[in-house]
Number of protein chains: 2
Amino acid sequence: MMQTPLLLSSFIKRAEQFFPDKLIISRTAEDTIHRIPYRDWAKRTRKLADALTKLGMKQGTKVGSFGWNHHRHLEAYFGVPCTGAILHMINIRLSPEHIAYVINHAEDEILLVDDNLFPHLAQLAPMLKTVKHYVIMGDSKEVPETTLPNVHSYEALLDAASDLYEFPEDLDENSPAGMCYTSATTGNPKGVVYTHRGIVLHSYALGLADAMGIRERDVAMPIVPMFHVNAWGIPFAAVFFGTTQVLAGPGFNPALILDLIEKEKVTITAGVPTIWLAVLKELEENPRDISSLRAIVCGGAASPKGLIRAFEEKHGVPFIVGYGLTETSPLVSLSVFTSKMESLSADEKIDIRALQGLTMPGLEVRIVNDDGVVPWDGKTMGELTIKGPWIASEYYKDERTAEAFKDGWLYTGDIAVMTEDGYLKLMDRTADLIKSGGEWISSVDLENALMTHEAVFEAAVIAVPHEKWQERPLACVVLKDGQKADDPMKKELLDYLGTQFAKLWIPDDIVFMAEIPKTSVGKFLKRVLRKQLSEQLKEV
Amino acid sequence: MMQTPLLLSSFIKRAEQFFPDKLIISRTAEDTIHRIPYRDWAKRTRKLADALTKLGMKQGTKVGSFGWNHHRHLEAYFGVPCTGAILHMINIRLSPEHIAYVINHAEDEILLVDDNLFPHLAQLAPMLKTVKHYVIMGDSKEVPETTLPNVHSYEALLDAASDLYEFPEDLDENSPAGMCYTSATTGNPKGVVYTHRGIVLHSYALGLADAMGIRERDVAMPIVPMFHVNAWGIPFAAVFFGTTQVLAGPGFNPALILDLIEKEKVTITAGVPTIWLAVLKELEENPRDISSLRAIVCGGAASPKGLIRAFEEKHGVPFIVGYGLTETSPLVSLSVFTSKMESLSADEKIDIRALQGLTMPGLEVRIVNDDGVVPWDGKTMGELTIKGPWIASEYYKDERTAEAFKDGWLYTGDIAVMTEDGYLKLMDRTADLIKSGGEWISSVDLENALMTHEAVFEAAVIAVPHEKWQERPLACVVLKDGQKADDPMKKELLDYLGTQFAKLWIPDDIVFMAEIPKTSVGKFLKRVLRKQLSEQLKEV
């Protein structure tokens, strides 16, 4: 067979040859929507490659991007890596210190920055050690007022560049193409480097009929940001398959998302549960026509069953839960149905949708505990480990590699079980698991159960130290407006759990609070909770 | 990213882990149908690897298979290559001389032979120089009576083998996995070697929603034989995705095919036009319920529009034409619809279905003539060239490599045009193209037009030498039963063409015949026709 390398540049060629008229619908500001056919997008992408090369970009140069979802960011997704350089997608929601850390650690030499984010980034400039150029992504050809040197307008650079730039065809497919850092809960963010080969194979997986099935006739709108794990790879796959893309731009909100779905006839969209909870609320208050949707993909945290049920049953949209990590490109699994599941009851189907689902073809998963690889029995918990061609093999220049990458497997730090049908079910983070009297108690299971109670807005369950049992669960509950945080409520919630779990699992106490502390991406900061509350444990 | 090699053994693991109860439905004789779950098939495949290893199979050993579509052949599809050995799928329809040639040329050491084909092969044994063992694939554990040494029963070998055989995980993904030889029209067949990487990537392509979309819930029945270009890769993809497979066994016929579709609720099937013409005839004489079918894939020769229309409009089954070669694994393109084609008229849709279609994601095609790469205008003819990771880079130990593989491209010998939408349309074989007065005339276009005339059963158009015009077209026509082969008919057919083509294209004469000579796979033997008829040319 020919030794044709798997390269992202082949995606551009395919889009411009076969789908020149298909659109990228890009919202760059409040009321500005650009509609750019792939023909023009490909030319602009070549111009970007030429322009950045003139600024000094070479093979191996790191170029940071600091922006929302829009066509310029998509140009950077290809215009940088297809030259052999590396696009570092910076999570704009990291703390200022972490933003400076990741730019310095990656050694970014050029930063592509959204015009409306530039003031934020400019404040950090004194901390940045390697950056030589700032390129402002916006509709204007002028640069904003600034005391920084080497600030360029993206559009002005493109005006001066050539669209005849030819991407090299002889890159090694294992060359780095992109980088993302994890949103760390402890310590500094950890860097993951994506290769051309990894992204190409991941894109094939997204196109499989048994996965997301992304195809030419889709209108795909990733709500997940392009600065977060490649927007789950959707922009790459969409270019590969000639799919219409909707990129929702800065400051989007539930109303805007629904307007775009209705107006652009979006067929598939993807984001985290908090987004879909807010979209559902907006949809019920101000109905829209979302009948164009054939799937909502949801990941990043556990999806409440009520949310799944509302979209599936009330609005007729399959709500597919997925699992992935920055380290996994990210797609690992999706809660798609196999043929035998089609005959299940509506309730059983919702149960399956809420799982993390079936492993993608090409990956291998294993759940391991101290006894070795656990059986697929839906009960035995262990740490999820993953292997495959789009799974990271290390953290970029980071000693913490040794903690997560062992014997050729990624150790995810997620505690899971595998159902008998081979569907992944996440139970907890290793750090949050409660080890009580030799038994493992899943904080996530308890939280999900609490959050099905009508009085509960959100709930986090943490381990607190205990003399006899080593650890015991403690529930932290935020009640809905109008609910009373008193002893009868505490008893009601504990009784409610008592009907669903063994006695050992029932939290020793419930603490009512106004808000649960969260990370920048909306995950519970249990480390902080544990510190606050460890003294509250009562004897059983 | 992890350097996980793309290996076929990962498909077995996936099938046995995730889809152990899904079935391989295998017809091994007239009335014998086996239903084997992937769980057992995987065990038997490991046993086969163990058994053949005990017979001396090592990494790089060539093992020939000489059989129909059934579960044992599918075991060989994996049990041989997953060890690092190479499965040579021998086309049982080659001439005896060519069968001996390909076995000797490939240096097959073990032959897996269907019980009902063994007498045929045994006659050739004296000509075979490298074969050390014959393994008889059949339901019996006895070996047939024979004077040959080292003849084994497949089932008896499996009984004595271990299902704990572990496939190596450290094979190079570029290791050879399989071999097929082309069905040569001139000279000896040419060998093509498939690699693990090529087959894995080809399998991803088959699973894409925009390609065949093969998935777990499908019931896939490749009618194309497993001895012919990997049965178009369908058996590999089916194992990868956990798809139910129907393998139709020896001596199948249109009635059997329809019975299997109806009984097993086949959703996707694939074969050459002559099969579907015969199936259509049977279907109209003896109706069956084929409503389970979501697609018929057809390739290997041009599909008459009447055939496409009958399945699409009368029976409601999408009839998707494809293009591929032994050298291309084989899938190159499929006549699937892009979104904008959905609004075309029924007739326009049939026109698109009849094209060779859209190039698969991952491949690159180019049409070249003496002026270079031709534009996509639907008119300018040139030779089709292809590049990509599942395209051969050479013929196995064959000097003819230099004729077909140039500058990193496969030169297919097919004359084609590309429509403005990037859909491939085959016009002719380079050898059959008629070059008349500086213009290229497509014999295939003229044949297709003739075959739409109600009096015509089949038609071949060939070039005959001409003093003034270099070459002129001559039509060879087989009329339907009851039609009169006389001068008025000749005039009617020429007039019929006259309404569709420029004057220069109209054949100088029509020769009526009882049958058109064909190759073993049903293609017109135009070389033979030309020799027979070259003296019949009349002056214009």
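**Notebook: domain 2 against domain 3, chain A**

I counted 1 salt bridge between domain 2 of chain A and domain 3 of chain A, taking a side-chain nitrogen of Lys or Arg within 4 Å of a carboxyl oxygen of Asp or Glu as the criterion. I looked up a salt bridge by residue and found the side chains of A:Lys425 and A:Asp445 meeting at 3.9 Å, N to O.

The model is predicted, with local features needing pLDDT of at least 70 and side-chain atom pairs counting only at pLDDT 80 or more, while totals for chains, interfaces and linings use all residues. Residues are numbered from 1 along each chain as its sequence is written, chains are lettered from A, and side-chain values use heavy atoms, without hydrogens and water.

I took the bounds from an automatic or database domain assignment: domain 1 is 1–19 + 28–204, domain 2 is 363–429 and domain 3 is 434–536. The C-alpha centres of domains 2 and 3 of chain A lie 26 Å apart.

I then listed contacts (heavy atoms within 4.5 Å). In chain A, 7 residues of domain 2 touch 8 residues of domain 3.

I next noted the buried area (accessible area, 1.4 Å probe, that two parts lose on being put together, summed over both). Between domain 2 and domain 3 of chain A the value is about 550 Å², with 60% from carbon and sulfur atoms. On the domain 2 side, A:Met381, A:Met427 and A:Asp428 lose the most area to domain 3, together 75% of what that side buries.
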